[in-house]
Amino acid sequence: MTNSQTWDDTLSDLERRRARVHEMGGPERVARHRDKGKLDARARIEHLLDPGTFQEFGTLVGGEVAADAIVTGSGLIEGSPVMVGAEDFTTLAGSIAPGSNSKRYRLAELAVRNRVPLVMLLEGAGFRPSGDHYGRTPTDLLAQARCSGKVPMVTGVLGASAGHGALIAPVSDFAIMSAHGAIFTAGPPVVKVSTGEDISKEDLGGPDVALPSGLIHNLADSDEAVLDEIRRYLSYFPPSAWSYPPSSALDGSTGPRRTPELLEIISRDNRRTYDMRTVLDTVFDSADWFEVQPEFGRAIICALAHLGGHPVAVVANQPQVLAGSIDADAADKAAHFIAVADAFHLPIVFLADNPGMLPGSESELDGVLRSGARMFVAQTVATTLKLHVTLRKAYGFGSMVMSLISFDNQVGTFAYPGATMGAMSAAALSSASNAEQDLAASLREMELRASYHSAEHMGFDELISPAETRNALLSSLQRAMYARQAPAEPVARSVIVP
């Protein structure tokens, strides 16, 4: 007896099965989803990746449950490979079953094995309440945790994300949410049963909760904007910790130039504030730099920029917020950002202008010393290239966390003349010591001479004019890049905290 089936029959059956999977939750559910102003899972992947580059795997997992509620595969972003997974809310609310858990595990496993970034697009209800996931089975979180510090991990929250599926967001290097997004340990129905609290998804984990908590880094208006920002974020990073960030050739916008504008932006009067963002606009290659967590810990600006065509991470005090004093949120944000930058070999530029860590009972209750210590450890153990400029002032532990400390392996340290520094400001020291008027004036004079005193003892490589800022940093960075005469390797580090 012979098999009468032909290749045409076999392949037609395969295409029929694939076509069913591509319908996701069916035309009606997909239409309702899109009527809310959201893209479906497959459209999200299509928008994220270079056209025509998506290669799916696990298509038939789940049988009649299309792709088992998550679309997974690989593709290209600006010609470079990435692994991507998108939860399909139109199929059983994007919930997780053993099959989809295996797809998630495989996705992260391949990201590390292939040394390429991992992007997860979330909109799902967590584990499916079937009980099938219990027992000795590998969880996708094991593979995702192994990605940390090895490949860039980015999460987009494009709808409600609950439970197990949501856990990759705090593990990620960067998490961004759309206006439709919400993220929580458990959704409103579970909260109602567990605690009696009656609350909406938005009030439980929407942008007004997720951004101030620090769990989500950035917000974008729409699905499309989230996906565009993910592409932009990844453009600053190498594919993995086994390679260095991509650099472009010097041209008119990336070469040396003086920055006399800073003489107008930065007042010599330490009591007058200015917007540190205008300093970044002036010093780096263009004003099109990428800020991470702009609405959290606003006393410090964390940004990705280019200097001489090289991607760099910028950690800068913001005098417009708390006069630049570093509070717990700012320190936590900076610690995470520094650890990510170090993991992927981005040079870090510290721009210091702060009166120290934020004092006061509320700040102490927030754990400012604990968070400050976390930031200090992050920048001290960082093995990437580090550069520092003190613009006007840097006091006490607030100076140390900004890499103003000797033997901290900086490749370039600079300060403006007249920059003030020390254990505390002259005004604070005078008050603390009940100094007489003459002594207070003497302390103030010593404070104003501190930059020269430090320079005389090699506390800085050089005192520079604000007009020399870009060129001093660029020259130091270009010289330091010659240290990269061996292949890049992952660095040992503690767990990244958001």
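Reader: Which residues of helix 11 are buried?

Author: They are Asp223, Val226, Leu227, Ile230, Arg231, Tyr233 and Leu234. Buried means under 20% relative accessible area, exposed means over 50%, and partly exposed lies in between (1.4 Å probe, protein chains only).

Reader: How do you know that these buried residues line one face of helix 11?

Author: Look down the axis of helix 11. The buried residues fall within an arc of 165 degrees, so they line one face. The arc is that of the directions from the helix axis to the C-beta atoms. An α-helix has 3.6 residues a turn, so residues three or four places apart point the same way.

Reader: What am I looking at, and how are things counted?

Author: This is a predicted model, in which local features need pLDDT of at least 70, side-chain atom pairs count only at pLDDT 80 or more, and totals for chains, interfaces and linings use all residues. Residues are numbered from 1 along each chain as its sequence is written, and side-chain values use heavy atoms, leaving out hydrogens and water. Helices (H or I, at least four residues) and strands (E, at least two) are DSSP runs, numbered from the N terminus.

Reader: How do you know that the length of helix 11 agrees with its residue count?

Author: The expected span is 1.5 Å times one less than the number of residues. The 12 residues of helix 11 (residues 223-234) should span 16 Å, and the end C-alpha atoms are 17 Å apart, which agrees.

Reader: Why is helix 3 called oblique to helix 11?

Author: Helix 3 (residues 41-48) packs against helix 11 at about 40 degrees, with the axes 9 Å apart. That makes helix 3 oblique to helix 11. Angles under 35 degrees count as roughly parallel, over 145 as roughly antiparallel, 65 to 115 as roughly perpendicular and the rest as oblique.

Reader: And why is helix 4 called roughly parallel to helix 5?

Author: The axes of helix 4 (residues 98-114) and helix 5 (residues 140-147) cross at roughly 20 degrees and come within 8 Å. That angle makes the two helices roughly parallel.

Reader: What puts the buried residues of helix 5 on the same side?

Author: The buried ones are Asp140, Ala143, Gln144 and Cys147. They cover an arc of only 100 degrees around the axis, which puts them on the same side of helix 5.

Reader: Why is Ile183 called buried?

Author: Ile183 has 5% relative accessibility, so Ile183 counts as buried. Ile183 is found in strand 7 (residues 182-184).

Technical notes
Axes fitted to C-alpha atoms, helices over the stretch in contact; angles between N-to-C directions.
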